[in-house]
Amino acid sequence: MKSSKSYVEENKERFIEELVELLKIPSISADSAYKEDVIKTADAVKKSLAAAGCDVTEICDTPGYPVVYGEKIIDKNLPTVLVYGHYDVQPPDPINLWDSPPFEPVIKKTEIHPEGAIFARGACDDKGQMYMHVKALEYMVKNNDLPCNVKFMIEGEEEVGSENLAWFIERNHDKLANDVILISDTGMIAKDVPSITTGLRGLSYVEVEVTGPNRDLHSGLYGGAVANPINVLTKMIASLHDENNHITIPGFYDKVEELSKEERAKMAEAPFSLENYKKALDLNDVYGEEGYTTNERNSIRPTLDVNGIWGGYTGEGAKTVIASKAYAKISMRLVPNQDWKEITELFKTHFENIAPSGVTVKVNPHHGGQGYVTPIDGIEYQAASEAYKEVFGKEPIPQRSGGSIPIVSLFEKELKSKTILMGFGLDTDAIHSPNEHFGIWNYLKGIETIPFFYKHFTNLKS
Ligand code: BES
Ligand code: MN
Ligand code: MN
């Protein structure tokens, strides 16, 4: 039997080519202009699962984009691993900031990826990381090294809130029955510092609209005498943080879990250089909530950020105008125990309360989701830990991430199984940003490591 290392070595060119082909299809779930491409991607994923050795592959229709399902059941008495991933990607905008077109993948070397990285939208999030699992399955099937049953559930709406995946899961408990859910849609600390993501933040996303006068006005004739919605909106937004960068919404922190001194000390042991962090972002300083470190601010603490703000005249030159309306999109990252629906309500009530007379305010909730923490004393964590040890030669570090995969908490609720997050991306891979990329080293290491998870999980489970 061939090792995953030598199989990867022998097939790496093909593994890269196949991923490049998948990355060429612009599966942007947020933009309906790309509908056919999203569906085409689902088809390509289904074919790849069949080619890798799944006995059953299906395109499962939902009210939205389809879920791709695949399975290889070798023995009903053996454990079952359910792999989750997503084939949709974020919009590539702003397109002029890309060094090469987002859907024409190119391989380039970088300081962090001297072996080369694939530059394309979705390279890391999540087509590249999802495809590692398809190739790991191919290895296991071709080399008689699949120790248990495997199911794949690859969705096309992760980047827009996974609403229809929830619909699909609620209707398919039996089909999706499993012993553990395995996901690569997060990151690792560094190439020589393997880590397992043990926490995801929740999310509440809202859009606000402030209306002043019923039409745009001459800012000379009316300025000073009526509320300017942009002035008011920015003032309201500014008031959502106090001088210590605490969020001022009443009740916002009520359910926030406070980590013990010991837990925080353990977190602080993870290798991290504030200097490099600042340098990578061209910052003269970091910024955030008083009393917490950078790594705490972006993982165990909740946040509130304006993602976009608009109104009035933004074209060339000057136009003297008081706009009738101003808008903003605001996201709140939540920590475990904070309920996203409750937080959305708290935000709405507070934001309406602080509106001065002279304007009207509307709060429109978008999507949201719960945070998640994985225990580090379960067999799924132990199996992943052993897998990294075999390939990286050292124990991985548990790390809470700041990102969100809202569907994970629903997996536990509906399917009653734990999720293990084995991410191989780096924070510098620019997911959601221009020039997203995925290191070839990381891609191949992922394919090499995954089969060891199957091996150790099956051993520990039986
Ligand atoms: N893969 C990311 C989440 C992620 C990235 C978690 C890196 C941890 C480390 C996922 O595709 C994503 O972008 N999620 C969205 C939430 C969703 C509801 C749009 C996010 O975190 O903004
Ligand atoms: Mn993702
Ligand atoms: Mn994403």
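1. Donors are N, O and S atoms within 2.8 Å of the metal (3.2 Å for Na, K and Ca); water is not among the atoms, so sites may look incomplete. This is a predicted model, in which local features need pLDDT of at least 70, side-chain atom pairs count only at pLDDT 80 or more, and totals for chains, interfaces and linings use all residues. Residues are numbered from 1 along each chain as written, chains are lettered from A and ligands numbered from 1 in written order, and side-chain values use heavy atoms, without hydrogens and water.

2. Histidine 86 is in strand 3 (residues 80-86), and aspartate 185 is in the loop between strand 7 (180-183) and strand 8 (195-200); the pair is 99 residues apart. Helices (H or I, at least four residues) and strands (E, at least two) are DSSP runs, numbered from the N terminus.

3. Now the manganese ion (ligand 3). Aspartate 125 sits in the loop between strand 5 (117-119) and helix 3 (127-142), and histidine 432 in the loop between strand 17 (419-421) and strand 18 (437-439), 307 residues apart.

4. Which residue bridges the manganese ions, ligand 2 and ligand 3? Aspartate 125 does, and the ions lie 3.6 Å apart. A cis peptide bond joins aspartate 125 to aspartate 126, with omega about 0°. Aspartate 126 lies in the loop between strand 5 and helix 3.

5. Ligand 1 is surrounded by 15 residues; the closest are Glu158, Asp185, Arg333, Ser404 and His432. (Near means a heavy atom within 4 Å.) Aspartate 125 has a side-chain N or O atom 3.1 Å from an oxygen atom of ligand 1. For aspartate 185, a side-chain N or O atom is 2.8 Å from a nitrogen atom of ligand 1. Serine 404 places a backbone N or O atom 2.8 Å from a nitrogen atom of the ligand. On its own, ligand 1 has 520 Å² of accessible area (Shrake-Rupley, 1.4 Å probe), and the protein covers 88% of it.

6. Where does ligand 1 lie? Domain 1 (4-200 + 371-461) and domain 2 (203-256 + 302-369) both give residues to its shell, so ligand 1 lies between them. Those bounds come from an automatic or database domain assignment.

7. Two backbone details deserve a look. The peptide bond from aspartate 93 to proline 94 is cis, with omega near -5°. Proline 94 is in the loop between strand 3 and strand 4 (106-108). Aspartate 282 has a positive phi of about 55° although it is not a glycine. Aspartate 282 is in the loop between helix 7 (274-281) and helix 8 (294-297).

Notes:
A polar contact is a pair of N or O atoms within 3.5 Å; within protein, one must be able to donate a hydrogen and the other to accept it, and residues adjacent in sequence count only if both atoms are side-chain atoms.
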